Amino acid sequence: MSAATIGILGRCAHCQRTLLLEPWQLNAIAINEPFTCSHCENTLQLNDPKQIRRFKSLDSLALLRASTLVMVCTALLVALVMEWVGMLSVMEQLNFSLLAIFVYFAVVRFARHRQHITLTLEAAKAHVD
Ligand SMILES: [Zn+2]
């Protein structure tokens, strides 16, 4: 699991307590395996298909953030070079750079908002093959 999954909360179906999910618990969720609650030691599982889909989309959010950062850095460099060779005025270069930075922060904000989730964990069913 990547850094995108740090800080995800889960609500335990047994003790109703909210727990900060550990990396190994997140791994268990990712492979759809039951795991134990850190408070009451009962087995839990994420069963809601909607939440599973949202959980799986967290990795693509991290990718979105990373690729936006690369894109913005490239845009800033291009604007700087264009100013050096005289294709842009200093003002235009400044405006363009500010716009690029603004877009980056908008994406980061969006990603952080989407990342803030509390998973409703259900009691694990007996494993049936
Ligand atoms: Zn519990």
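Glu41 has its place in the loop between β3 and β4, where strands (E, at least two residues) and helices (H or I, at least four) are DSSP runs numbered from the N terminus. This is a predicted model, in which local features need pLDDT of at least 70, side-chain atom pairs count only at pLDDT 80 or more, and totals for chains, interfaces and linings use all residues. Residues are numbered from 1 along each chain as its sequence is written, and side-chain values use heavy atoms, with hydrogens and water left out.

**Positive phi values**

Glu41 has a phi near 65°, a positive value in a residue other than glycine. Most residues other than glycine have a negative phi. With a relative accessible area of 60%, Glu41 is exposed; the word stands for over 50%, buried for under 20%, and partly exposed for what lies in between (1.4 Å probe, protein chains only).

Asn32 also has a positive phi, near 60°. Its loop runs between α1 (23–30) and β3, and at 43% relative accessible area Asn32 is partly exposed. Leaving aside residues up to four places away in sequence, Asn32 touches Gln45 and Leu46, contact being heavy atoms within 4.5 Å. Between the C-alpha atoms of Asn32 and Asn47, 15 residues apart along the chain, the separation is 8.4 Å.

**The zinc site**

The zinc ion has as protein donors the SG atoms of Cys12, Cys15, Cys37 and Cys40, at 2.2 to 2.3 Å. Donors are N, O and S atoms within 2.8 Å of the metal (3.2 Å for Na, K and Ca); water is not among the atoms, so sites may look incomplete. The angles among the four donor atoms are 103 to 116°, and the site is tetrahedral, a label given to four donors if all angles lie between 85 and 135 degrees. The ideal angle for four tetrahedral donors is 109.5 degrees.

Along the sequence, the donor residues follow the spacing C-x2-C-x21-C-x2-C. Cys15, in the loop between β1 (9–11) and β2 (18–20), and Cys40, in the loop between β3 (35–36) and β4 (43–45), are 25 residues apart and link distant parts of the chain.

Ala13 is in the loop between β1 and β2. Not counting residues up to four places away in sequence, Ala13 touches Leu44, Leu121, Glu122 and Ala123. The C-alpha atoms of Ala13 and Leu76, 63 residues apart along the chain, are 49 Å from each other.

| Residue | Relative accessible area | Class |
|---|---|---|
| Ala13 | 34% | partly exposed |
| Cys15 | 24% | partly exposed |
| Cys40 | 25% | partly exposed |

Val81 is part of helix α3 (residues 58–84). Val81 counts as partly exposed because its relative accessibility is 40%. Together with Trp84, Val85 and Met87, Val81 makes a nonpolar surface patch of about 480 Å². Patches are made of residues with over 30% relative accessible area and no salt bridge, like charges being joined within 9 Å and nonpolar side chains (Val, Leu, Ile, Met, Phe, Trp, Tyr) within 5 Å. A salt bridge is a side-chain nitrogen of Lys or Arg within 4 Å of a carboxyl oxygen of Asp or Glu.

Gln93 is in helix α4 (residues 90–115). Gln93 is buried because its relative accessible area is 9%. Apart from residues up to four places away in sequence, Gln93 touches Ala79, Leu80, Glu83 and Leu88.

How values were computed: Accessible areas come from the Shrake-Rupley method with a 1.4 Å probe; for residues, only the protein chains shown count as cover. Four donors count as tetrahedral if all angles lie between 85 and 135 degrees; four count as square planar and six as octahedral if opposite donors are over 155 degrees apart and all others between 65 and 115; anything else is irregular.
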